Amino acid sequence: MPQASTEATSSGAASGGQLEERIDLSTETTQKIAQASSLPLADALALLSALEKRCRVGNDTPSLVKVCEASLDVCHGAGDYEALVSTLKTLSTRRSQKSKAIAALVTKCLPWVVDADGDGFTPLPTTSNNKEEAATNQETLVTELRNITDGKMYLEAERARLTRSLAILKESSGDIATAANVLQDVHVETYGSISKREKIEFILEQMRLTLLKRDYVRAYIVSNKVKRSMLDEEGMSELKIKFYVLLSQYHSQQKDALELARCFHAIYSTASSTAAAAAADGSDDNNKWKESLTNTVVFLCLSEYSNEVKDMMERINLDPQLEKIVECKETITSFLKNEIIHYPLPHQTMLESIPAFVSGGETDDASLALKEHWHTTFHTRIIQHNLRVVSRYYRQIHTSRLATLLSLTTAETEQHLSNMVSSGALYAKIDRPKDIVRFAKKRCEEEVLSDWAGDIKELLGLVEETTYLIQKENMVQSH
């Protein structure tokens, strides 16, 4: 017998290459959605719930999406956040629920809690008279949306933005620790549907909150997720400056002067480029690059001497912008010369008044302790520079005379010498009975003889080469 026609409601099982039967419920969906808008909330949800099941079982995804959105609209229109969250949770956890329907549920709710037309994660300001209740409802809805998006790759971008929104809500309520923990749950660097810029912004927010939480080890681990090459790309200058400012807070806490110098030099390199572009447009913004360059010079002087530090000083000394900061130019020139530096420096007060000296302190007492640490370190680095200079010009010197040159007591001089010898930065031996410091290592007879033999060999080689060239020139002239 011929089968009855069902073209209006069904596409046929496995017809046209389809694996599942699809029933067209678009007409009924339109009618019942319109009917639900005029019913009380409970009746409207009951009507749409039955229709949602038929659309889901019948594989009518477009109609299913409309029913799900209509269910949320009904709850939101009634202002019942409890029903909204309950309906959202129920619809998203239905058996064999379609991914498009779940995505539509999340997309529909986003504009109700965040600035979807802006950055996509800033929570909307509460306009209700009862702001506390409105904030609680907002946080509850954001939390439920995060739970729905958990583990769904097609909603990873929405999950990242909702996580950031929840962190903002927690931070605004004063719960910094929870805000930091919420952000740490998302490994945004593995997400493929988010742009590089948004990933870096998310990681920088993780860094900022972990630093506020005083979890410095975690902050440093998070900072390693950012590829430095990405920060050098076009349009990333603002994020690069923010990254190195946050990283400098970590290194300030660790009291690592060389890393601080690197951070501020990276900020200076970016800020100077930005200032050059601004100058070309007729604007003037010199403060940022001047402050960064000053910080770079100061923390380079505070760094323990090494070939890397010396090389960085030489490169900065050649920078024409340094001429505009007289104090820094004179200071770095003094450290590069093989001359004794008298303490305090002419611009010591100015150099130690920079905000970066106390920026790593968590409290006022900690800031004062940090400033005192840098002040002591500055004096120590000048003493160490002076000792290196003396060791270049003296094979041996009386300890009392050395103490006079360094403007120290004999005990302080011996202490600084001992520290440098222990770290391998200097060779010296102190003969206390004779009051002598020897900077030249005593050489045995074999070493002296070996050096003498090497010098003679080099001299004879030069004589032989010269003789050959003379004979060659005579032969050329004779012909």
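Okay, let's start in the middle: the largest nonpolar core has 68 residues, and Phe299 and Phe378 touch the most other members. By nonpolar core I mean a set of buried Ala, Val, Leu, Ile, Met, Phe, Trp, Tyr and Cys residues joined through side-chain atoms within 4.5 Å. Buried is under 20% relative accessible area, exposed is over 50%, and partly exposed is in between, with a 1.4 Å probe and protein chains only. The biggest giver to this core is α13, with 10 residues.

Quick caveat before I go on: this is a predicted model, so local features need pLDDT of at least 70 and side-chain atom pairs count only at pLDDT 80 or more, while totals for chains, interfaces and linings use all residues. Residues are numbered from 1 along each chain as its sequence is written, and side-chain values use heavy atoms, with hydrogens and water left out.

So what is phenylalanine 299 in contact with, leaving aside its neighbours within four places in sequence? Ala257, Leu260, Ala261, Phe264, Ile354, Ala356, Phe357 and Trp374. Contact here is heavy atoms within 4.5 Å. There's also a second, separate core of 38 residues, and among its members are Val67, Cys75, Val114 and Leu141.

Helices are DSSP runs (H or I, at least four residues), numbered from the N terminus. Helix α1 (residues 26-36) and helix α3 (residues 61-78) have axes that come within 10 Å and cross at roughly 10°. The axes are lines fitted to C-alpha atoms over the stretch in contact, with angles running from 0 to 180 degrees between N-to-C directions. Angles under 35 degrees count as roughly parallel, over 145 as roughly antiparallel, 65 to 115 as roughly perpendicular and the rest as oblique, so α1 and α3 are roughly parallel to each other. On the α1 side you have Ser26, Thr29 and Ile33, meeting Ser63, Lys66, Val67 and Ala70 in α3. That contact divides into 3 nonpolar, 3 polar and 1 charged.

Now the cysteines. With a disulfide taken as a pair of cysteine sulfur atoms within 2.5 Å, the count comes to 0. Cysteine 301 has its nearest cysteine sulfur, that of cysteine 328, 8.3 Å away. Cysteine 301 counts as buried at 2% relative accessibility, and cysteine 328 counts as buried at 0%.

Tyrosine 343 and proline 344 are joined by a cis peptide bond, omega about 0°, and proline 344 is found in the loop between α16 (326-336) and α17 (348-351). Lysine 255 isn't a glycine, yet it has a positive phi of about 60°. You'll find lysine 255 in the loop between α12 (237-254) and α13 (257-280), partly exposed at 41%. Serine 407 also isn't a glycine and has a positive phi of about 60°; this serine lies in the loop between α19 (399-406) and α20 (410-423). Buried or exposed, serine 407? Exposed, at 58% relative accessibility.

Last one, for scale: serine 99, in helix α5 (residues 99-113), and histidine 385 are 286 residues apart in sequence and 68 Å apart in space, C-alpha to C-alpha.

Technical notes
Helix = DSSP H or I, 4+ residues; strand = E, 2+ residues; numbered from the N terminus. Nonpolar A, V, L, I, M, F, W, Y, C, P; charged D, E, K, R; others polar.
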